[in-house]
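Biologist: I'd like to learn how to read salt bridges and pockets in a model. Could you take me through them one by one?

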Amino acid sequence: MKRPPDGLQAPALQLDTRLGSRLAALRAERGWSLGELAERSGISRSTLSRAERAEISPTASMLNRLCNVYGRTMSQLLSEVESEPALLVRTAEQPVWEDRSAGFVRRSVSPPHAGLRAELVEGRLAEGADIAYDRPPVPGLEQHVWVLEGALDVTVQDVEHRLGTGDCLRMRVWGPTRFRCAGPGAVRYALAVVLP
């Protein structure tokens, strides 16, 4: 049976869709294939795949097994998907985090949603700022770095890329990365992050 468009789905179908997305995100966060999750949970790959795509509604038994594998209670899992977060976040409401010692400011531009795979971030580095990450938060993370103002040096897999205003670098992150602003002046860039 063909489902209605997202905005017209019944609440139970919307919840199944959000739950499927969250289950897929939890698996991706751990870098597991469907086969690995099937081995850990005792649930078939095809059933897991159908649940992640919201083609089926997971049973309580299935959710219990998955909660065990992911180390959370069913209440925790369901609370992550029960209500749809805001679709719009105004500039003044976007969370900003600052590492003053490093000269780095990070603004979470995208409305938060645990079940989505992509997010948009605005980064600002002061002249001379140099940020090195020893590993990605999730192996295989896809990133797109688009320089809005200034110049940015990005090192990925021991290859340095010099980006100027308007330049965009796409990368899949498996190991260390480095973001450096040699100047002159500060740099402002957009970072699109996509979970594998």
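**Salt bridges and a pocket**

Modeller: Start with this pair: Arg100 forms a salt bridge with Glu98, with the closest N and O atoms 3.6 Å apart. This is a predicted model, where local features need pLDDT of at least 70 and side-chain atom pairs count only at pLDDT 80 or more, while totals for chains, interfaces and linings use all residues. Residues are numbered from 1 along each chain as its sequence is written, and side-chain values use heavy atoms, leaving out hydrogens and water.

Biologist: What is a salt bridge, and how many salt bridges does the structure hold?

Modeller: The general idea is that side chains of opposite charge can pair when their charged atoms come close. Here a salt bridge is a side-chain nitrogen of Lys or Arg within 4 Å of a carboxyl oxygen of Asp or Glu. The structure holds 17 of them.

Biologist: Is Arg100 buried or exposed?

Modeller: Buried means under 20% relative accessible area, exposed means over 50%, and partly exposed lies in between (1.4 Å probe, protein chains only). Arg100 has 70% relative accessibility, so it counts as exposed. Glu98 is at 43%, so it counts as partly exposed.

Biologist: And which residue does Arg124 form a salt bridge with?

Modeller: Arg124 pairs with Glu122, and their closest N and O atoms are 3.2 Å apart. Glu122 counts as buried, at 12% relative accessibility, while Arg124 is partly exposed at 41%. Both belong to a network of salt bridges that also links Arg107, Glu149 and Arg188.

Biologist: Which distant parts of the chain does the pair Arg178 and Asp130 link?

Modeller: Arg178 forms a salt bridge with Asp130, the closest N and O atoms being 2.5 Å apart. Arg178 sits in strand S9 (residues 177–180) and Asp130 in strand S4 (residues 130–133), 48 residues apart. Strands (E, at least two residues) and helices (H or I, at least four) are DSSP runs, numbered from the N terminus.

Biologist: Now the pocket: how much space lies in the largest pocket?

Modeller: Rolling a probe the size of a water molecule over the atoms shows where empty space is left. On a 1 Å grid over the protein atoms alone, using a 1.4 Å probe, a pocket is an open set of points with protein on both sides within 12 Å along at least five of seven lines; lining residues have an atom within 4 Å of a point. Grid points are joined across faces, edges and corners, and a volume is the space filled by probe spheres set on the points. The largest pocket holds about 870 Å³. Its lining has 41 residues, and Arg106, Glu119, Val121, Leu141 and Val193 are the closest to its centre.
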